[in-house]
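The following note is intended for a colleague meeting this structure for the first time. Please read the numbered points alongside the model.

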Amino acid sequence: MPAKLVVALDVDNATSALELARLLIPATPWMKVGLELFTIAGPDIVSQIKRLGGRVFLDLKFHDIPNTAAHAVKSAIKAGADICDVHMCGGEAMCKAAAQAAAGSACLVLGVTVLTSTAPEDVPGDISAMVVDYARKARAWGLGGVVCSGWEAAAVKQATNNEIVCLCPGIRPAGLGQNDDQRRVLTPAQAVQAGADFLVVGRPVTKAADPLNAAMDIISSIGK
């Protein structure tokens with residue numbers, strides 16, 4: 001499928017989030033609701049974005065006992081999430097329970113591998129090998145894909161025969177000149193070339209002088 005731009009609505013109030021969503025949905029329907037926004041605005045922010053014509057990646061990274069994770073996924077679906085995620089380090093039973101909770105729904109459950117704020121020197125071993133191992137497990141455990149850096153997208157696709165989705169945060173437009181707290185970053189075009197299916201971009205869009213134009217520039221850069 002063509003790669004999709006997901007705009008991270010990492011703001012601290014519902015009003016700003018909905019203003020951004022209303023502005024940006026004509027360019028891309030995909031919005032990310034993460035911990036900051038969800039904590040202040042609650043699950044209703046998901047349905048409000050959906051009513052504007054948006055689609056929602058609910059990025060809460062569930063990580064708990066299998067029963068709790070499964071019910072969290074069910075709650076995410078009830079709220080209207082199109083994508084939600086769980087931490088792969090939660091293990092097989094948790095990930096399988098989360099996948100089973102979404103069975104029969106249109107919600108895609110992804111497994112979070114290694115955060116894009118993690119640098120190679122921060123972990124023992126090879127990050128790419130860790131991500132690929134998680135990706136193989138995600139496929140075996142019934143998840144629809146993984147959240148990973150664009151650096152690992154090509155290896156993930158190869159290791160899973162292109163059978164799972166790669167959602168890639170840590171995307172920074174060329175020439176931006178800063179990566180904020182992200183460590184493993186790629187440009188939108190590089191990430192798409194590597195095999196990313198979804199590109200998550202926050203501050204380069206939401207903090208731009210013209211967010212809609214910034215989003216359109218990214219979409220143009222990936223030829224979609």
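1. Helix α7 (residues 150-159) lies across β6 (145-147) and β7 (165-168), running at about 175° to β7. Helices (H or I, at least four residues) and strands (E, at least two) are DSSP runs, numbered from the N terminus. Angles run from 0 to 180 degrees between N-to-C directions, with axes fitted to C-alpha atoms, for helices over the stretch in contact.

2. The model is predicted: local features need pLDDT of at least 70, side-chain atom pairs count only at pLDDT 80 or more, and totals for chains, interfaces and linings use all residues. Residues are numbered from 1 along each chain as its sequence is written, and side-chain values use heavy atoms, leaving out hydrogens and water.

3. Eight strands form a closed barrel in the order β1-β2-β3-β4-β5-β6-β7-β8, with parallel pairing; two strands pair if DSSP finds at least two bridges between them. On average, neighbouring strands of this sheet are turned by 25° against each other, direction ignored.

4. Strands β1 (residues 4-8) and β8 (residues 198-201) pair in the parallel sense over four bridges. L5 has L199 in β8 as its bridge partner.

5. After α6 comes G142, whose phi is positive, near 95°.

Note on methods
Contact means heavy atoms within 4.5 Å.
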